[in-house]
Amino acid sequence: MTRVFSGMQPSGDPHLGNLLGAWVNWVSMQQDRECVYCVVDLHAITSPTEHDPASLAERTVGLATGMLAVGVDPQRSILFVQSHLPEHAECTWLFNCVAGFGELRKMPQFKEKSAGKGDSVSVGLFDYPVLQAADILLYHADEVPVGDDQRHHIELARDIGQRFNHRYAAPEDPVFPLPKAVHPPAAARVMDLQEPTVKMSKSASSEKGIISVLDEPKRIEKKIKSAVTDSAGDIRHDREGKPGVSNLLEILAAATGRQVASLASEYDGGGYGAFKLAVAEAVIELLRPIQARYAELAADPGEVHRVLEDGADRARAVAVPTLERAKAAMGLLPPR
Ligand code: AMP
Ligand code: TRP
């Protein structure tokens with residue numbers, strides 16, 4: 001069966017973009033694939049400005065709770081916390097000896113995040129994509145569902161896997177099958193409500209443009225009512241000319257499962273007020289069962305910890321033999 005691996009960092013509250021752009025697909029991929037989902041806390045400590053030691057553990061549990069609340073099914077899929085398996089860090093070391101300085105220096109995310117920081121930038125930030133390659137390759141993942149911004153990281157994982165196989169394994173018996181990035185067709189790209197030309201993101205300057213998965217109905221209504229649109233007053237899809245209205249149309253389509261075109265013709269002519277109200281209602285209804293399930297799980301944190309412990313055991317059962325094989329292939333002496 002096709003094996004899927006994906007991860008999300010426990011930095012910032014999960015928002016509507018994470019839900020519609022990632023989690024909805026994570027949940028549906030469980031139907032016909034073997035899925036491994038990971039809260040990547042080791043990635044979340046690579047940037048000192050985003051890392052808050054006082055809240056990291058809580059955010060880690062919160063993110064796992066969110067994944068369960070949207071429908072990640074721990075009976076079917078493996079859900080675990082990255083730092084619970086030292087194999088990820090250990091495999092990163094092996095890959096560090098395969099990855100090249102030049103290819104890491106060129107990673108767009110590294111260039112962006114290290115810009116202006118000079119020599120104070122951490123080695124962890126530089127090495128971030130190698131840890132990500134370890135995440136993916138340890139599980140022999142075939143498919144990695146990610147946003148488009150992660151494309152280069154998945155390419156690097158392929159390159160590292162391929163180089164490792166070439167150097168240390170026989171061509172007919174590779175240690176690491178090569179993964180590929182997948183961008184599920186249904187994935188929405190949700191834009192910031194206040195600045196509809198940029199992606200809704202945890203690192204946005206203002207809270208007002210972001211709908212958190214746990215926002216209360218009143219707050220959601222307020223944020224959507226004050227979403228930036230334009231002065232034309234018509235409702236049609238045009239990302240270039242009408243980014244605000246187009247974003248709301250896409251959110252409404254994703255939340256209701258309907259087509260953008262049919263929604264546009266239904267609401268056009270009725271004014272932005274009524275349209276925004278409909279979007280707010282749809283988002284509130286979409287989130288209502290998720291929030292209810294989240295509250296249930298949060299009331300019994302022992303249960304989430306049990307799920308994560310079981311997930312770590314099952315992840316270990318896959319990762320440990322892979323790592324052992326990689327170490328043996330590199331010629332390291334096995335302990336007796
Ligand atoms: P991030 O929040 O950037 O760590 O991203 C975690 C996952 O959510 C990735 O798979 C992204 O593709 C997805 N994601 C993040 N923001 C958005 C957005 N505004 N629209 C759609 N997907 C998003
Ligand atoms: N870097 C990814 C992101 O920011 C998160 C991530 C870490 C990941 N390890 C992964 C995604 C492995 C897919 C597979 O979204």
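**Exercise 1.** State how the residues of the shell around ligand 2 divide into nonpolar, polar and charged.

*Solution.* In this predicted model, the shell around ligand 2 holds 6 nonpolar, 6 polar and 1 charged residue. Ala, Val, Leu, Ile, Met, Phe, Trp, Tyr, Cys and Pro count as nonpolar, Asp, Glu, Lys and Arg as charged, and the others, Gly among them, as polar. The shell consists of 13 residues, the closest being His43, Tyr128, Gln132, Asp135 and Gln150; a residue is near the ligand if one of its heavy atoms lies within 4 Å of it. Helix α6 (123-138) gives the most, with 4 residues. Helices (H or I, at least four residues) and strands (E, at least two) are DSSP runs, numbered from the N terminus.

Conventions: residues are numbered from 1 along each chain as its sequence is written, and chains are lettered from A and ligands numbered from 1 in the order in which they are written. Local features need pLDDT of at least 70, side-chain atom pairs count only at pLDDT 80 or more, and totals for chains, interfaces and linings use all residues, while side-chain values use heavy atoms, without hydrogens and water.

**Exercise 2.** Trace the chain from β1 to β3, giving the sense of each pairing and the hand of each crossover.

*Solution.* Strand β1 (residues 3-8) pairs with β2 in the parallel sense over 6 bridges, where pairing requires at least two DSSP bridges. Val4 has Cys35 as its bridge partner in β2. The path from β1 through α1 to β2 is a right-handed β-α-β crossover, that is, clockwise from the first strand over the helix to the second, with the strands pointing away from the viewer. Strands β2 and β3 (residues 78-81) run parallel and are joined by 4 bridges; Tyr37 is partnered by Leu79 in β3. The crossover from β2 through helix α2 (residues 53-70) to β3 is right-handed.
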